[in-house]
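Please take a look at the chain shown here.

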Amino acid sequence: MIAFVLIAALMVAAALAWVLVPLLGRHRSAGVGREASNVAILRDQRAELETDLANGTMPRDRYEQACRELEQRVLDESTASSPAAGDGIAPRAGAWTAAVLGGTIPIVAVVLYLLLGDHQAFAPGTPTAAVKAGEHDTSPQQVEQMVTNLAARLEKEPGNAEGWVILARTYYSMSKFPEAARAFERATALVPDNPDLLADYADALGAAQGGTLAGKPLELVNRALKIDPTHWKALALAGTAAFDRKDYKTAVELWERLKKTIPPTAPIAGSIDNSIAEARALGGMKPAAAAPAAAATAATAAAAKPTTATAPTPALPGNAVAGMVKLAPALAGKVAPTDVVYIFARAAEGPRMPLAILRKQVSELPVSFTLDDSMAMTPEMKLSNFPSIVVGARITKSGNPVPQSGDLEGLSAPVTAGARSVDIVIDRTLP
């Protein structure tokens, strides 16, 4: 508050100086400036006459006559610019005006602030302008408050389908699965035939049930598939439910249908293939036969290969580690392609701070990785500074790098820096 008053006082003083200084000095500066200007002009004209005389372009008698005329003009100008008896009125008028304005401007400024200003801006506990300017840097507490406000508003507007969807997906991103399931229930009651909402409802309800899709979640998945038999998330969840109940044949059929809905070159296609292969192996089914075109291409590539020995793969330096991250088939239905994947390394014994970290998306799985000292958060926390490290991967829907309940994770056994074949399978849900 004190700082505000000081700044306001300085601004009022600057305004007064801007107005009063020219007003008080105007009568004097105008007369002096005009006299000085006239004398300078006459001096220039005298110099021109002397130049004409020296050059012979003007006779002396004409030169002397012109000089006398200039001297008379100087005398006239001096007389005209001298102050008259009545000129003292101007200074007194200017001083009176300055006095009036000097008293009025501060009073007007205070009155305007009292009428238009924010009197509570400096009260204790009131957010300052600096805080308001940073409102977009939302804290977790602010998010919680906004969600609470939205939930309260929707209780008064129960028919707001869009609001229930936003609330449900926000709860899901916060890993509040029971609350998300209840909000999805309200949304699907208002929009009953939307396969996206039905699949999301099933996912949230399954997470609220401890990760099982048995019962109502599977009923919701089947409803979604009845509306859209090619819905990717519904197919993924249905395949996961079949895999969980050890119906591997049905899981393979569903995931084969899922594979047909995505481009063959999509990164997630490899993860689906791995899931299908595991289900086939567990169900005692033969591996899928390679397509004729693919087989022919492979044969051509093999025939074109040189017969020389393949050069050994160079070892990684001692400040790096590399490998592959995969997603367990049983968890394929619990993720979306846009979910964030963090691949990290930390000391096997010691601080839990990541020594290196890499960000990917589920759509890129399975994905190869390399972590090295250049990714260290501090100069002291490098891969090469620890004899044994653990490499892990975590999937989070919120994008938060800090582990949260409901995140999916997989860890390697302890390895040494320089290892290059570290395989990580994301196969468990954080409690």
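Two strands pair if DSSP finds at least two bridges between them. That rule is applied here to a predicted model.

## The five-stranded sheet

Five strands make up an open sheet, in the order β3-β2-β5-β6-β8. The pairing in this sheet is antiparallel. Its edge strands are β3 (356-361) and β8, and each of them pairs on one side only. Strands of a sheet pair through backbone hydrogen bonds, either parallel or antiparallel.

Follow the sheet from β5 towards β8. Strand β5 (residues 389-396) pairs with strand β6 (residues 408-411) in the antiparallel sense, over four bridges. Ile 395 has Leu 408 of β6 as its bridge partner. On the next step, two bridges join β6 to strand β8 (residues 428-429), again antiparallel. Here Leu 408 has Thr 429 of β8 as its bridge partner.

## The three-stranded sheet

Another open sheet has three strands, in the order β4-β1-β7. Its pairing is mixed. The edge strands are β4 (367-372) and β7 (422-426), each pairing on one side only. On average, neighbouring strands of this sheet are turned by 30 degrees against each other, direction ignored.

Which strand pairs with β7 in the parallel sense? Strand β1 (residues 320-327) does, over five bridges. Within this pairing, Leu 327 stands opposite Ile 426 in β7. In a regular strand the side chains alternate between the two faces of the sheet.

## A helix contact

Helix α6 (residues 161-173) packs against helix α8 (residues 195-208). The angle is about 35 degrees, and the axes lie 11 Å apart. The crossing of α6 and α8 is left-handed.

Which residues make the contact? From α6 come Val 165, Arg 169 and Tyr 172. From α8 come Asp 196, Leu 197, Asp 200, Asp 203 and Ala 204. By type, the residues of the contact of α6 with α8 divide into four nonpolar, no polar and four charged.

## Aromatic pairs

How many aromatic pairs does the structure hold? There are three. Tyr 172 and Phe 177 form an edge-to-face pair, 5.2 Å centre to centre, with 70 degrees between the planes. Both Tyr 172 and Phe 177 are buried. Tyr 172 also belongs to the contact of α6 with α8.

Phe 243 and Trp 255 form a tilted pair. Their rings are 5.9 Å apart, centre to centre, and the planes are 35 degrees apart. This pair links distant parts of the chain: Phe 243 is in helix α10 (residues 232-244), and Trp 255 is in helix α11 (residues 248-260). The two residues are twelve residues apart. Ring pairs also bring in Tyr 248, so that Phe 243, Tyr 248 and Trp 255 are linked into a cluster.

## Burial in the ring cluster

Why does Phe 243 count as buried? Its relative accessibility is 10%, and buried means under 20%. Trp 255 counts as buried because its relative accessibility is 1%.

How values were computed: Residues are numbered from 1 along each chain as its sequence is written. This is a predicted model: local features need pLDDT of at least 70, side-chain atom pairs count only at pLDDT 80 or more; totals for chains, interfaces and linings use all residues. Side-chain values use heavy atoms; hydrogens and water are left out. Rings of Phe, Tyr and Trp (its six-membered ring) pair if their centres lie within 6.5 Å; planes under 30 degrees apart count as stacked, over 60 as edge-to-face and the rest as tilted. Buried means under 20% relative accessible area, exposed over 50%, partly exposed in between (1.4 Å probe, protein chains only). Axes are lines fitted to C-alpha atoms, for helices over the stretch in contact, and angles run from 0 to 180 degrees between N-to-C directions. A crossing is left-handed if the near helix is turned anticlockwise from the far one by less than a right angle, and right-handed if clockwise. Contact means heavy atoms within 4.5 Å. Ala, Val, Leu, Ile, Met, Phe, Trp, Tyr, Cys and Pro count as nonpolar, Asp, Glu, Lys and Arg as charged, and the others, Gly among them, as polar.
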